[in-house]
Amino acid sequence: MKGSALLLPRVVLEAFPKDLLGKKKQKNKAIDLIVAECKEMGYDGVVLESWSRWAAYGVLHDPGMRNMALQFIKQLGEALHNVTSTRNSTQYLQLVYVIGPPHGDKLQDYDFGPQDLLGLSGSVDGFSVMTYDFSGPHDPGPNAPLKWIRSTLQLLLGTSSGGDKSLSHKLFLGINFYGNDFVLSEGLGGGAITGREYLSLLEKYKPVLQWEKNSGEHFFLYTDNQNAKHAVFYPSLMSISERLDEARSWGAGLSIWEIGQGLDYFFDFL
């Protein structure tokens, strides 16, 4: 593959965490497997997702297990850094780690915080922050309110965009290229939509786009053939622009979920 782009596939750890993290043989086997796959397939590293699953299992509430989780990430990063890329002899294999945003204004035991960021910064090459999926079918609303994005960065990096930026270059701010079509009546419901579905709704219902200032997102309302009311939140050039400005003000990069789900002209800004 020509060019300077790096190929890092997404790897999700679904093994029972107490077995993976608590047993040295299992931990080493998992790390060796990931490194071997990179060598065999010619990858430049991996994007690892595990924190949200470990939190769901409840192991991050245990200080001992939490420390083992951090040690696993650090050990994987060091193992990857000891291997040279097959496509570039001057580049070692890289690790990008996916982290979920805090669920409130204050960090909980299971949240990934600034001390974790600092502790792993030498072993992890980048941190992909999942600043999307703020709302769901049972609590309809914007996909990623700008104020929430800003508060997430503040919790991880400092109190303001002019604060400590020493690690900001390692953060990839998550931006959604998908949207949500929420049902506001009939017991709620709905879910994610891609660009094609969004355009189909615009063509069929011809709704009026509205700008929600507090969240920094466009949305529209419509009533379907069963007389159920819907609210659709989907990215626009304006909402993407504001998030790019926010990332730029911190010196952070971008992580897009997912490129193929957006509209073609979204790339005009990238």
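Student: What should I know before I start?

Tutor: Residues are numbered from 1 along each chain as its sequence is written, and side-chain values use heavy atoms, with hydrogens and water left out. The model is predicted: local features need pLDDT of at least 70, side-chain atom pairs count only at pLDDT 80 or more, and totals for chains, interfaces and linings use all residues.

Student: How do I read a pair of packed helices?

Tutor: Two packed helices are described by the angle between their axes and the distance between the axes. Helices here are DSSP runs of H or I with at least four residues, strands are runs of E with at least two, and both are numbered from the N terminus. Axes are lines fitted to C-alpha atoms, for helices over the stretch in contact, with angles from 0 to 180 degrees between N-to-C directions.

Student: At what angle do the axes of α2 and α4 cross?

Tutor: Roughly 35°. Helix α2 covers residues 24–41 and helix α4 covers residues 63–81; their axes come within 10 Å. The crossing is right-handed. That word applies if the near helix is turned clockwise from the far one by less than a right angle; anticlockwise is left-handed.

Student: Which residues of α2 and α4 meet?

Tutor: From α2, they include Ile 31, Ile 34 and Val 35. From α4, they include Phe 72, Leu 76 and Leu 80. Contact means heavy atoms within 4.5 Å.

Student: How do I read a salt bridge?

Tutor: Side chains of opposite charge can pair when their charged atoms come close. The cut-off is a side-chain nitrogen of Lys or Arg within 4 Å of a carboxyl oxygen of Asp or Glu.

Student: How many salt bridges does the structure hold?

Tutor: It holds 8. In one of them, Asp 116 meets Arg 66 at 2.8 Å, N to O. Asp 116 lies in helix α5 (residues 114–120) and Arg 66 in helix α4, so the pair ties together parts 50 residues apart in sequence.

Student: Is Asp 116 buried or exposed?

Tutor: Buried, at 9% relative accessible area. Arg 66 is buried too, at 15%. Buried means under 20% relative accessible area, exposed over 50%, and partly exposed in between, with a 1.4 Å probe and protein chains only.

Student: Which residue pairs with Glu 217?

Tutor: Arg 243, with the closest N and O atoms 3.6 Å apart. This pair links strand β9 to helix α8, 26 residues apart. Glu 217 is buried at 5% relative accessibility, and Arg 243 is buried at 4%. Glu 217 is also in contact with Ser 239. Ser 239 sits in helix α8 (residues 237–250) and is buried at 4%.

Student: Which residues are linked in a network of salt bridges?

Tutor: Arg 10, Glu 49 and Arg 53. Glu 49 and Arg 53 have their closest N and O atoms 3.2 Å apart. Glu 49 is buried at 8%, whereas Arg 53 is partly exposed at 27%.

Student: What about the backbone?

Tutor: Look at the peptide and phi angles. A cis peptide bond joins Trp 257 and Glu 258, with omega about -25°. Glu 258 is in the segment after β11. Asn 227 is not glycine, yet its phi is positive, near 65°. Asn 227 lies in the loop between β9 (217–223) and β10 (229–233) and is exposed at 59%.

Technical notes: Lists of a residue's contacts leave out its neighbours within four places in sequence.
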